[in-house]
Amino acid sequence: MSADLNGADVVMVASTVNKGVQRVMARADLKKPEDLRGKRVGITRLGSASHLVLLMMLRSWGMSPNDVQTMQIGSSPAMMASLEKGGIDAAVLTEPTFFFAEDQGYRVLADLADMDIYYLHSMIDTTRPFLRTHRDLGLRFMRGYLEGIAYFKRNRKESIDVLAKKLRTAPSQTKYLERSYALYNSGYFESAPYPSLKGVSTLLDFLGRDNPRARTADPRSFVDSSLIKDLDESGFIKKLYE
């Protein structure tokens with residue numbers, strides 16, 4: 001969306017996950033969002049998804065970015081290590097790290113999925129010229145992607161085995177992959193992954209603070225759902241789950 005606002009001819013064609021999976025994990029003695037005032041909160045880096053999530057959460061709590069000390073730490077595992085060493089007081093973590101943090105006694109201070117915040121977590125993007133000249137390729141790619149989602153939903157053991165192999169997960173940590181699988185299969189992965197216009201509007205609202213173009217932009221101009229729509233209306237998606 002930032003690229004589009006600055007003149008790039010890019011567009012979102014699908015949304016793998018239309019709600020955020022991030023959670024704010026904190027020391028056990030921090031019991032409510034207000035307890036974060038003046039505390040050190042870890043994110044991956046400024047401008048990242050975890051940073052945006054933190055900003056959205058702070059605003060929903062009636063707090064400003066200046067109410068916390070935002071620390072650029074790196075990946076979720078790196079933030080977990082910093083939590084354990086006392087370098088930060090809380091962190092915006094993603095799965096499966098927040099499962100590990102919970103098992104270690106850290107508190108779920110906020111779960112983005114439980115908040116009234118619309119968000120785009122994972123998108124599939126392309127350019128409009130490519131979509132016009134290679135539409136058949138785009139459809140074939142999307143068929144394969146939708147088949148992958150269906151396979152994931154219908155084959156628990158095999159999907160967890162693939163995750164363990166690709167993420168090089170130790171056998172002792174498999175339980176966290178199992179919990180991640182259950183999380184995504186509970187409604188995060190959508191069978192027909194239309195991009196969320198409410199999610200686009202949320203991000204435009206944030207981008208509008210620094211970019212005047214975002215304040216007047218039409219959310220629909222960032223999305224082309226025609227590939228998903230064609231496959232949905234043709235019955236292709238329905239057949240994957242019969």
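In which loop is arginine 168 found? In this predicted model, whose residues are numbered from 1 along each chain as its sequence is written, local features need pLDDT of at least 70, side-chain atom pairs count only at pLDDT 80 or more, and totals for chains, interfaces and linings use all residues. Side-chain values use heavy atoms, with hydrogens and water left out. Arginine 168 sits in the loop between α7 and α8, where helices (H or I, at least four residues) and strands (E, at least two) are DSSP runs numbered from the N terminus. Although arginine 168 is not a glycine, its phi is positive, at about 55°.

The angle between α7 and α8 is about 125°, and their axes lie 10 Å apart; axes are lines fitted to C-alpha atoms, for helices over the stretch in contact, and angles run from 0 to 180 degrees between N-to-C directions. The pair is therefore oblique, given that angles under 35 degrees count as roughly parallel, over 145 as roughly antiparallel, 65 to 115 as roughly perpendicular and the rest as oblique. The crossing of α7 past α8 is right-handed, a term used if the near helix is turned clockwise from the far one by less than a right angle, with left-handed used if anticlockwise. On the α7 side, Arg156, Ser159, Ile160, Leu163 and Ala164 meet Thr174, Leu177, Glu178 and Tyr181 of α8, contact meaning heavy atoms within 4.5 Å. These contact residues of α7 and α8 comprise 5 nonpolar, 2 polar and 2 charged; Ala, Val, Leu, Ile, Met, Phe, Trp, Tyr, Cys and Pro count as nonpolar, Asp, Glu, Lys and Arg as charged, and the others, Gly among them, as polar.

Helix α6 has contacts with both of these helices. With α7, α6 packs at about 110°, the axes being 6 Å apart, and the two helices are therefore roughly perpendicular. Tyr151, Phe152 and Arg154 of α6 make this contact with Arg156, Glu158, Ser159 and Leu163 of α7, a set of 3 nonpolar, 1 polar and 3 charged residues. With α8, the axis of α6 comes within 10 Å and crosses at roughly 120°, which makes α6 oblique to α8. Here the crossing is left-handed. Phe152, Lys153 and Arg154 of α6 join Tyr181, Tyr184 and Asn185 of α8 in this contact, with 3 nonpolar, 1 polar and 2 charged residues.

Turning to the pockets, α6 (135–154), α7 (156–166) and α8 (174–188) each supply at least two residues of the lining of the second largest pocket. A pocket is defined on a 1 Å grid over the protein atoms alone as an open set of points where a 1.4 Å probe fits, with protein on both sides within 12 Å along at least five of seven lines, and lining residues have an atom within 4 Å of a point. This second largest pocket holds about 320 Å³ of space, the volume being the space filled by probe spheres set on the points, which are joined across faces, edges and corners. Of its 15 lining residues, Glu95, Phe152, Leu163, Tyr184 and Phe189 lie nearest the centre. The lining has 10 nonpolar, 3 polar and 2 charged residues.

The largest pocket contains about 630 Å³ of space. Its lining counts 27 residues, with Ser2, Gly47, Leu52, Leu203 and Leu207 nearest the centre. At least two lining residues come from each of α1 (2–5), β1 (10–17), α2 (49–60), β7 (122–127) and α9 (197–207), and α2 gives the largest share, 4 residues. By class, 15 residues of this lining are nonpolar, 8 polar and 4 charged.
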